[in-house]
Amino acid sequence: MPPPEYDLLLDAIVPLPAPRVDHRTWDSQHWGQALAAADWHRLSPILFCHLEHTPDVPAAVHSALERAYLASCARSLFIAEAQGQVIDALVADDVPALLLKGAALIETVYPDRAQREMLDLDILVPTDRVGQATRALVPLGYRPLAATNGHGATSTHLAPDEHHAPALVGEERLVAVELHHHITIPGEGNRFDLSEMWKRARTSPRGKHLLPSPEDLLLHVSLHFTRNRLGGSYIRRHTGGALAQICDIARIVDREQVRWELVTTSARSYDLDTRVFLALFAARELGVPVPETALAELRPPRFDEGLGRRLVTLRVLRADDHLPVRTLRWMFAPSREVLTRGWNADPTAPSSLARAYMRRAKANAPLARSALRQPRMFIEDRRLNGQIRALEDRA
Amino acid sequence: MSSGPHVVLAERLRRQEGVLAQEAQGRTVLLRLEDGGYYALDDVGAMIWGMCDGTRAVGDIVAIMCAEFDAPEATVRADVLEFIGDLRRERLLVVDAT
């Protein structure tokens with residue numbers, strides 16, 4: 001049973017005929033927890049819209065949510081302006097552009113764009129045109145932002161198996177553009193050919209760019225949800241934004257004509273069925289009307305519903321860090337490749353590798369300390385990691 | 001907002017280049033692209049903002065607002081002038097010189 005603040009967030013994103021929670025008797029502590037959870041899950045703007053005309057919401061809560069909503073509105077205006085310029089530049093250079101994630105969702109399932117917080121602009125371009133696309137944006141002032149791991153180690157190269165080039169940042173440094181050439185990262189799916197996704201794409205009524213088909217939109221959002229929840233790297237270890245992603249799924253299911261058989265067929269042929277299933281299972285657990293037949297099609301062999309519910313409890317209805325889904329060996333004895341690619345070590349110089357190891361250990365220390373303060377959660381997280389990994393292996 | 005620059009009733013005002021506006025949940029949000037500064041207008045503010053399109057003098061806007069709201073003309077004029085002064089001070093409106 002989720003804490004009451006989560007029931008309020010769920011009422012905002014997946015309303016039921018009767019509200020899950022009665023907040024009229026809440027005290028300031030309850031409201032404080034609700035605001036913190038909304039912020040963590042990037043749902044403050046949508047919670048503002050949900051509560052705006054609701055009586056008995058304290059003025060301070062209303063005011064805090066209104067500020068978040070207006071800030072989101074301003075940011076979305078800024079990104080929309082930047083998006084128009086970026087698309088024009090790409091089209092002028094004959095580079096096809098397909099919007100992904102927030103930019104695509106805002107055009108398709110969020111009539112009030114301020115309700116969907118956006119952090120950057122994600123655009124898919126053909127694999128062999130990434131360099132051309134990057135150059136097309138230079139006259140607009142966009143330059144590659146050194147890929148950073150947040151602790152001083154940087155890299156500006158595009159590794160061949162990364163799914164997008166280093167983010168391009170405008171001169172004002174307010175909008176980052178990520179040019180993707182694929183939607184998966186190493187370890188996800190079978191590196192399928194994206195030509196079918198390009199063929200299924202829709203032309204945007206608002207411009208010269210393309211939008212994913214409803215099925216590809218859902219598949220990509222689901223894939224992203226699971227990637228973020230599994231925490232493939234120490235950076236993506238937290239639960240931040242989990243419910244915003246559930247909201248994305250709910251909006252697609254509610255507002256798009258999804259051909260579910262195409263979702264399941266694509267997920268299976270791309271070897272993404274377990275990942276898509278976990279996202280859709282979590283969404284259904286939280287009230288999104290995902291058809292049971294689609295879930296049955298994607299369900300991994302020997303999937304245990306208890307495991308799915310633990311995923312929801314530990315990785316969705318929670319507002320803090322969790323451990324990355326990695327082995328102890330990965331945590332304490334990283335490979336030379338990890339240190340080289342992620343921490344800028346020179347693979348031929350033992351001293352450089354040692355310094356990179358120390359930088360990495362220092363960066364991970366707060367996570368380890370945090371985990372050890374909550375031993376029960378630590379053990380549950382570790383168990384969940386192993387169970388999901390085994391599930392994927394079996395699938 | 002505090003009072004802005006002196007506003008002349010005969011002046012026509014228009015929106016500053018690089019200022020975007022969007023309606024959102026009953027408010028009008030203005031964004032100044034130059035630095036990302038943003039402002040929220042209520043429905044009265046949005047009405048005045050909508051009339052600042054370079055075709056009307058400030059005095060005309062005051063007259064329209066007087067007709068719209070049942071309030072003393074001096075009060076309406078003072079409020080409109082103060083509001084427009086604020087918008088100019090925040091570089092959201094400029095005097096139309098054409």
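Biologist: In what order do the three strands of the open sheet in chain B come?
Modeller: Bear in mind that this is a predicted model, where local features need pLDDT of at least 70 and side-chain atom pairs count only at pLDDT 80 or more, while totals for chains, interfaces and linings use all residues. Residues are numbered from 1 along each chain as its sequence is written, with chains lettered from A and ligands numbered from 1 in the order in which they are written. Strands are DSSP runs of E, at least two residues long, and helices are runs of H or I, at least four, numbered from the N terminus; two strands pair if DSSP finds at least two bridges between them. The pairing in this sheet is antiparallel, and the order is β2-β3-β4.

Biologist: Which are the edge strands of that sheet?
Modeller: An edge strand here pairs on one side only. In chain B that describes β2 (19-24) and β4 (37-41).

Biologist: And by what angle are neighbouring strands turned against each other on average?
Modeller: Axes are lines fitted to C-alpha atoms, for helices over the stretch in contact, and angles run from 0 to 180 degrees between N-to-C directions. For this sheet the direction is ignored, and the average is 20°.

Biologist: Which helix of chain A gives the most to the side that touches chain B?
Modeller: The contact takes 12 residues from chain A and 10 residues from chain B, where contact means C-beta atoms, placed from the backbone, within 7 Å. Seven of the chain A residues come from one helix, residues 59-92. That helix lies across β2, β3 and β4 of chain B, at about 50° to β3(B). The helix is α4(A).

Biologist: How many nonpolar residues are on the side of chain A that touches chain B?
Modeller: Ala, Val, Leu, Ile, Met, Phe, Trp, Tyr, Cys and Pro count as nonpolar, Asp, Glu, Lys and Arg as charged, and the others, Gly among them, as polar. That side has three charged residues and no polar ones, and its nonpolar count is nine.

Biologist: How many of the eight residues of α5(A) are buried?
Modeller: Buried means 20 or more other C-beta atoms within 10 Å of the residue's own, exposed means 12 or fewer, and partly exposed is in between, with C-beta atoms placed from the backbone. What covers the buried residues of α5(A) includes α4, β1 (98-99), β2 (121-124) and α8 (214-230) of chain A. The buried residues run from Lys101(A) and Gly102(A) through Ala103(A), Ala104(A), Leu105(A) and Ile106(A) to Glu107(A). For α5(A), residues 101-108, the count is seven.

Biologist: In β7(A), what is the bridge partner of Leu121(A)?
Modeller: Leu121(A) is in β2(A), where Leu121(A) and Ile123(A) on one side and Asp122(A) and Leu124(A) on the other are all buried. β2(A) pairs with β1(A) in the antiparallel sense over two bridges, whereas four bridges join β2(A) to β7(A), residues 176-180, in parallel. The partner of Leu121(A) in β7(A) is Val177(A).

Biologist: At roughly what angle do the axes of α1(A) and α2(A) cross?
Modeller: Angles under 35 degrees count as roughly parallel, over 145 as roughly antiparallel, 65 to 115 as roughly perpendicular and the rest as oblique. The axes of α1(A), residues 4-13, and α2(A), residues 28-40, come within 9 Å, and they cross at roughly 55°.

Biologist: Why are α2(B) and α3(B) oblique to each other?
Modeller: The axes of α2(B), residues 58-68, and α3(B), residues 73-89, come within 9 Å. Among the residues making the contact are Ile61(B) and Met65(B) of α2(B) and Val76(B) and Val80(B) of α3(B). The two helices are oblique because of the crossing angle, roughly 130°.

Biologist: Is Arg91(B) buried or partly exposed?
Modeller: Arg91(B) lies in the loop between α3 and β5 (93-95) of chain B. Leaving aside neighbours within four places in sequence, Arg91(B) is in contact with Gln16(B) and Arg32(B). With 14 C-beta neighbours inside 10 Å, Arg91(B) counts as partly exposed.

Methods. Contact = placed C-beta atoms within 7 Å.
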